[in-house]
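Here is a short briefing on one protein model. Look at the sequence and the structure first, then read on.

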Amino acid sequence: MKYLFYTLFYSLSFLNLSAQNCLPDSIYRDSATGVYPRPVSADYPNGGIKKKACINKPYDFTFTVVVPDSVLVPPLTTPIPLEKAAIDTANAIINLPKGIKYSCNPPDCIFKKKTFGCLILQGTADNSNSPGEYKPVIHMKLTVNLGFPVDYNLDYPGTNFPGEYILTLVSENDCVAATKDQSLATNLWYPNPNQGHLQNLSTHIEHVKIYNMAGKLVYSENGLNNSNVNLNPLNMEGIHFIHWIENNQAYVQKIIIHN
């Protein structure tokens, strides 16, 4: 009976994840309109997609989308009221390797003003792809209020948002060498699922935060001893997202807690 309960619990949990399969990074909450990390450029040399993908290996990368209540749209010189930003739920991101797709939170990919959400690249690039650099571009629509709604179609990155995203795809044979440093910097928390106690092999973790499915912060710690997190006293259960900083980079992972 207990086995059946947890089987049903995990099944329902993963169905919920289909509607909310990423979590925006709270460090960008008060940022200007845009998608973060910013495209890599002279002004943002540390931006871009730093996580490499491997052929025939599952991949994911999360962007945070910030939508305040105003935006500067060239050739205008002053900000104008912004109602929403949106992308189509399919085919709005071009130049991705075959097998890598995207989805959003919210699921309809409509980001209303004064909100922030996320979109995630995920999937497995298959052998039909050639190793190399892919440069994704997001086709986006901004709806502004000029006394009546006006839509602006733009590319991100593009004329109004300079720079570029570069997703590096490596072959299966080169995967271990190409992602060696990256894998050391992105050790995952385990066990997962767990009963409230998490561990990580890294010794460079700081600023750990855990959010529930509603985006509410339920745990925060600036420093860790031996990369252990004990959530038992909080009596938490269900699906959560753990954020952490490792070697000056931000990461997020889905975790399932059961008692």
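Which residues lie nearest the centre of the second largest pocket? They are Leu23, Pro24, Phe116, Ala214 and Gly215, out of 13 lining residues. This is a predicted model, in which local features need pLDDT of at least 70 and side-chain atom pairs count only at pLDDT 80 or more, while totals for chains, interfaces and linings use all residues. Residues are numbered from 1 along each chain as its sequence is written, and side-chain values use heavy atoms, with hydrogens and water left out.

**Pocket**

- The second largest pocket has a volume of about 220 Å³.
- A pocket is an open set of points on a 1 Å grid over the protein atoms alone, with protein on both sides within 12 Å along at least five of seven lines. Its lining residues have an atom within 4 Å of a point.
- Grid points are joined across faces, edges and corners, and a volume is the space filled by probe spheres set on the points.
- Seven nonpolar, five polar and one charged residues make up the lining of the second largest pocket.
- Here Ala, Val, Leu, Ile, Met, Phe, Trp, Tyr, Cys and Pro count as nonpolar; Asp, Glu, Lys and Arg count as charged; the others, Gly among them, count as polar.

**Cavities**

- The whole structure has three cavities of 30 Å³ or more. A cavity is a set of grid points where a 1.4 Å probe fits but cannot get out.
- The largest cavity holds about 50 Å³ of space.
- Residues lining the largest cavity include Thr33, Gly34, Val65, Leu142 and Tyr156.
- Strands β1 (34-36), β3 (58-67) and β11 each give two or more residues to the lining of the largest cavity. Strands are DSSP runs (E, at least two residues), numbered from the N terminus.
- β3 supplies the largest share of that lining, three residues.
- The lining of the largest cavity has eight nonpolar, two polar and no charged residues.
- The second largest cavity has a volume of about 40 Å³.
- Among the residues lining the second largest cavity are Val35, Ala86, Ile87, Phe111, Leu119 and Ile138.

**Sheets**

- Four strands form an open sheet in the order β1-β3-β9-β7, with antiparallel pairing. Two strands pair if DSSP finds at least two bridges between them.
- β1 and β7 (100-105) stand at the edges with a single partner strand each, so one side of each has no neighbour in the sheet.
- From one strand to the next, the twist averages 25 degrees.
- Six bridges join β7 and β9 in the antiparallel sense. Tyr102 stands opposite Leu121 in β9.
- Another open sheet has three strands in the order β2-β13-β10, with mixed pairing.
- β10 and β13 run antiparallel and are joined by three bridges. Gly132 has Leu169 in β13 as its bridge partner.

**Salt bridges**

- Side chains of opposite charge can pair when their charged atoms come close.
- The structure holds four salt bridges. A salt bridge is a side-chain nitrogen of Lys or Arg within 4 Å of a carboxyl oxygen of Asp or Glu.
- Lys51 and Asp60 meet in a salt bridge at 3.7 Å, N to O. Lys51 is partly exposed at 27% relative accessible area, and Asp60 is partly exposed at 35%. Partly exposed falls between buried (under 20%) and exposed (over 50%), with a 1.4 Å probe and protein chains only.
- Glu83 and Lys113 form a salt bridge at 3.9 Å, N to O. The pair links distant parts of the chain, 30 residues apart: Glu83 is in strand β5 (residues 80-86), and Lys113 is in the loop between β8 (110-112) and β9 (115-124).
- Glu164 and Lys135 form a salt bridge, with their closest N and O atoms 3.2 Å apart. Glu164 lies in the loop between β12 (149-156) and β13 (167-170), and Lys135 in the loop between β10 (132-134) and β11 (137-145), so the pair ties together parts 29 residues apart in sequence.

Key. Axes fitted to C-alpha atoms, helices over the stretch in contact; angles between N-to-C directions.
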